Amino acid sequence: MSNLNIVLVEPEIPQNTGNIARTCAVTGAALHLVGPMGFLPEDKKLRHAGLDYWQYLTLSYYDSLSDFFAKNTGAFYFFSTKAQNRYTDISYPDNCYLFFGKESAGLPERLLFEHRESCVRIPMMDSARSLNLSNSVAIGVFEVLRQWDFPALSCKGELREFDWAAAKQRKPGSEFL
């Protein structure tokens, strides 16, 4: 089993963090929340956005970035609109950490400057400020998991009212079944 870690630095909007928690829960990624946060862990909006997935989540809290770095080691990648490298140009190793900054300002520029080679961006139009935080995390998570061939994740689904196998038998040459 491969290990993927998502680090949110000073998240401000509980709904974004709840959505990210759900993404982490369904993909097996661990979520690390670095304070100070713009909400309390008991926030109703946070809990509601994460729905009933909290029981599947590995979640850790830290008072600050220095607290986080004192307790964790691995390959660190910093997602930022200010980065020079594309997130798809990286080969992500096991036990890597994907960092995302707060909604209003992103990651601290000193952190980015000190880790230039590990800073990555999601390409977008120059005229746009940024993507939504939970969307950015989902993009990063699924790129890493794609590179790892989606370990431990189900890659096939079944319909409730119809049977894929029966349909395939009726049309054995179909490329869509």
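The model is predicted, and the values quoted below are computed from it. Strand 4 (residues 75-79) has four of its five residues buried, so the strand is largely enclosed by the rest of the structure. Helix 1 (residues 14-27) is likewise largely enclosed, because ten of its 14 residues are buried.

**Strand 4 and its partners**

- Strand 4 runs parallel to strand 6 (residues 96-100), to which it is joined by four bridges, and within this pairing A75 has C96 as its bridge partner.
- Strand 4 also runs parallel to strand 7 (residues 119-121), with two bridges joining them, and here the bridge partner of F79 is V120.

**Helix 1**

- From its first C-alpha to its last, helix 1 reaches 20 Å over 14 residues, which is close to the 20 Å expected at 1.5 Å a residue.
- The buried residues of helix 1 are P14, N16, T17, G18, I20, A21, T23, C24, A25 and T27.
- After helix 1 comes G28, whose phi is positive, near 80°.

**S134 in helix 5**

- S134 lies in helix 5 (residues 133-147), and its relative accessible area of 10% falls under the 20% cut-off, so S134 counts as buried.
- The side chain of S134 makes a polar contact of 2.6 Å with the side chain of N132.
- When neighbours within four places in sequence are left aside, S134 is in contact with N16, N19 and I20, and of these residues N16 and I20 are among the buried residues of helix 1.

Technical notes: Residues numbered from 1 in each chain as written. Predicted model: local features only at pLDDT ≥ 70, side-chain atom pairs only at ≥ 80, totals over all residues. Heavy atoms only, no water. Buried < 20%, exposed > 50% of the residue type's maximum accessible area, 1.4 Å probe, protein only. Pairing = 2+ DSSP bridges. Polar contact = N/O pair within 3.5 Å; in protein donor to acceptor, adjacent residues only side chain to side chain. Contact = heavy atoms within 4.5 Å. Expected span 1.5 Å × (residues − 1).
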